[in-house]
Amino acid sequence: MIRIEHVSLRYGAAKILSDISVTIPKGGITALIGPNGAGKSSLLSLIARMQPLQTGWISVDDLPIASTPSRELARKLAILRQDNQIGSRLTVKELVGFGRFPHNRGHQTQLDGEIVEKALKLLDLSDLSGRFLETLSGGQRQRALVAMAFCQDTDYLLLDEPLNNLDMYFARELMRSLRKIAEQDRKTIIIVLHDINYASGFADRIIAMRNGEIIADGPPERLMTSDTLQSIYGFHIAVAEIDGQRIAMPFVAGKSAP
C-alpha cells in the first residue's frame, strides 16, 4: 500500500501540488490523469523519491520514502520516467537486463536471464533483443524501457506516460501487457496517461488531477461522465457507450451517455 498524506510541492512561487492525501492499495492499475501541469508526474516522482519531499509523508508498505535506503526501496518500486537518458550503444537485451541490477548488483544469475527473456517476450521485443538502441524507433525504445522497469520485479511499477511515441497498435498492446502484469504477476501499476480512453479501458481506478489537486477519484465508470470530465479538463466532452465501455469524444459536441 502507498500512503500519501498532506503532500505539497512548490518551485519558488509556483504551486505544483497542494495538500495531496490519497491511499493506493496493492493490486491493479491506477491511472493518473489530468491536463498538462496538473502535477501528475511530480506526484509520481515524489513517490519514487526522484526529488525530496518538502511537506507531508509518503510510505510504501509502511516504509517511509524519505528515510528508506535506496537499495531497499529499489526492490519495492520501479519507475519509468519521461526523460530517461540511455546509452545508444546498448542492445535491447542489455538495457532490459539493467532492471535486474538491484537484485544481482551486476552478477547475472539464471533467474535473471529467465526474467529478462520473459520481459522481452511480454513486450514483443524478442526479435529486437540484439539490436542497438540507436537503431530503434521511438516506440520500440519506449517498450524496451518498460521491459527494463518490469525486470526490476518490484511490487509497484510507476510509469510516467509510457504511451509516448507509441502508435495506436502498440499503445493498445502495451496496455494489454500491463493489464496482464497486474493480474497474473500481481503487480500494482500506477500510470500517468493523457488519453482518458486508455484509462477508462484498462485501469481499475482513475485519480484525476488539476492545478496540483485531486478533484476526482474512483472507478472509470464513475468518472466517465461529461460533467466530471469537464471539471477535469475545463471544457465539454461528449461521452458515448459502446459495448458497455464508456468512451470520451472531445472532438464531438453531441449528446453524452447518461
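A: R143 lies over the face of F170, at 4.0 Å from the ring centre. The rule for a charge over a ring is this: NZ of Lys or CZ of Arg is within 6 Å of the ring centre and within 35 degrees of the ring normal. R89 and F132 give another case: the charged end of R89 sits 3.8 Å from the centre of the F132 ring.

A word on the ground rules. This is a predicted model, in which local features need pLDDT of at least 70 and side-chain atom pairs count only at pLDDT 80 or more, while totals for chains, interfaces and linings use all residues. Residues are numbered from 1 along each chain as its sequence is written, and side-chain values use heavy atoms, with hydrogens and water left out.

Back to F170. How exposed is this residue? F170 has a relative accessible area of 23%, so it is partly exposed. That class lies between buried (under 20% relative accessible area) and exposed (over 50%), using a 1.4 Å probe and protein chains only.

A search of the whole structure finds two aromatic pairs. Rings of Phe, Tyr and Trp (its six-membered ring) pair if their centres lie within 6.5 Å; planes under 30 degrees apart are stacked, over 60 edge-to-face, and the rest tilted. Y169 and F170 are edge-to-face, with 5.0 Å from centre to centre and 80° between the planes. Y169 is partly exposed, at 45% relative accessibility.

Now turn to Y198 and F202. Why is this pair called stacked? The planes of the two rings stand at 25° and their centres are 6.4 Å apart, so the pair counts as stacked. Both residues lie in helix α8 (residues 196-202), four residues apart, which is about one turn of the helix. Helices (H or I, at least four residues) and strands (E, at least two) are DSSP runs, numbered from the N terminus. Y198 is buried at 15% relative accessible area, and F202 is buried at 17%.

Next come the charged pairs. A salt bridge needs a side-chain nitrogen of Lys or Arg within 4 Å of a carboxyl oxygen of Asp or Glu. By this rule there are 16 salt bridges.

Start with K15 and E213. Their closest N and O atoms are 3.9 Å apart. K15 is partly exposed at 39%. E213 is partly exposed at 34%.

K187 and D153 form another, with their closest N and O atoms 2.8 Å apart. K187 is in the loop between α7 (168-184) and β8 (188-192), and D153 is in the loop between α6 and β7, so the pair ties together parts 34 residues apart in sequence. D153 is partly exposed, at 36%.

E241 and R246 also meet in a salt bridge, at 3.5 Å from N to O. Here E241 is partly exposed at 47%, and R246 is buried at 17%. K26, D61, K76 and D155 are linked in a network of salt bridges.

Strands of a sheet pair through backbone hydrogen bonds, either parallel or antiparallel. Two strands count as paired if DSSP finds at least two bridges between them.

β6 and β7 (residues 156-160) pair in the parallel sense over four bridges. L77 has Y156 in β7 as its bridge partner.

An open sheet of four strands runs in the order β2-β1-β4-β5, with antiparallel pairing. Its edge strands are β2 (14-24) and β5 (63-64). Seven bridges join β1 (residues 2-11) to β2, and L9 stands opposite L17 in β2.
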